[in-house]
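Trainee: I have a new structure open and would like to learn how to read it. Could you walk me through it, please?

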Amino acid sequence: MRTRTLTLSAAVGAALLAVTALPAGATGTANPRSAQEGSVSAAALLAKVTSCSQISSGKYRTDEETSATVPVCGKNGAVFWKADLDIDCDGEVTAKCNGDTDPWFQDDTAFHQSDGRPLRADSLPYVVVPSTSGIWKYTSSGIKGGGVVAVVYNGKVEYAVVGDTGPTQIIGEASYATANALGIDPDPETGGTDSGVTYILFKNAQVSPIESHSAAVSLGDSLARQFLANN
């Protein structure tokens, strides 16, 4: 993941690029998909994260120009944060994610598919975690590549995997496919949303293979039900 030098607010006046749908058979690219994945509602998950027991040593910024206001919070079986959603289009080069569509594009992700290739941001829902720093070390909280994340926005739940790492002081980023599924503009340059996204990362869980979204939904639904029962 790259460090952005432009923010969503700076791009408000920019012309939006048309978002062309991928073929109907492509995983994770409906425009957008159903508002509900699994059996646990957005309201039920949000009811469990109304207060924060901070586990990070400091707080994160949502963009380079903003102040640090976002802590990582701990719960039984999970960690969570509430932030914005910037679009990560890094990984495999596709028609939607490449150096022409994304000024910050990088052709790799921190974690790879089972065949060794980078993840595909426009078809796989994944979330970016901050790289290890004095603020927080994600692995010390039981978070790993391929871990399951419930991303909650505007009454919708989308299950994703931990797929990439980002700057050490910035939080709040997910793949093109994650945004698209949640009804958020997935354009890598002008899309995203400035607030209102909750990320719940389940501890010590891993999807195999990482590129299987159906496996993420199945495991995520099970972990979400456990989360409700244990908090």
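Trainee: Which residue in strand 7 is the bridge partner of Val 152?

Mentor: Before that, some ground rules. This is a predicted model, where local features need pLDDT of at least 70 and side-chain atom pairs count only at pLDDT 80 or more, while totals for chains, interfaces and linings use all residues. Residues are numbered from 1 along each chain as its sequence is written, and side-chain values use heavy atoms, leaving out hydrogens and water. Helices (H or I, at least four residues) and strands (E, at least two) are DSSP runs, numbered from the N terminus. Two strands pair if DSSP finds at least two bridges between them. Now your answer: Val 152 has Thr 198 as its partner in strand 7. Strand 4 (residues 148–153) and strand 7 run antiparallel, joined by 4 bridges.

Trainee: Which strand pairs with strand 7 over 7 bridges?

Mentor: That's strand 2 (residues 78–88), again in the antiparallel sense. Here Leu 85 has Thr 193 of strand 7 as its bridge partner.

Trainee: How many residues of strand 7 are buried?

Mentor: Buried means under 20% relative accessible area, exposed means over 50%, and partly exposed is in between (1.4 Å probe, protein chains only). In strand 7 (residues 193–202), 7 of the 10 residues are buried, which leaves the strand mostly covered.

Trainee: What should I look for in the loops?

Mentor: Check the backbone angles. Asn 204 is not a glycine, yet its phi is positive, about 55 degrees. Asn 204 sits in the loop between strand 7 and helix 3 and is exposed, at 62% relative accessible area. That loop also holds Pro 209, joined to Ser 208 by a cis peptide bond with omega about 0 degrees.

Trainee: How many disulfides does the search of the whole structure find?

Mentor: A disulfide is a pair of cysteine sulfur atoms within 2.5 Å. The search finds 2. In one, the sulfur atoms of Cys 52 and Cys 73 are 2.0 Å apart. Cys 52 lies in the loop between helix 1 (42–46) and strand 1 (73–75), and Cys 73 in strand 1, so this pair ties together parts 21 residues apart in sequence.

Trainee: Is Cys 73 buried or exposed?

Mentor: Cys 73 is buried, at 3% relative accessibility, whereas Cys 52 is partly exposed at 41%.

Trainee: What about Cys 89 and Cys 97: how far apart are their sulfur atoms?

Mentor: They are 1.9 Å apart. Both Cys 89 and Cys 97 are buried, and their link is left-handed, with -65 degrees about the S-S bond.
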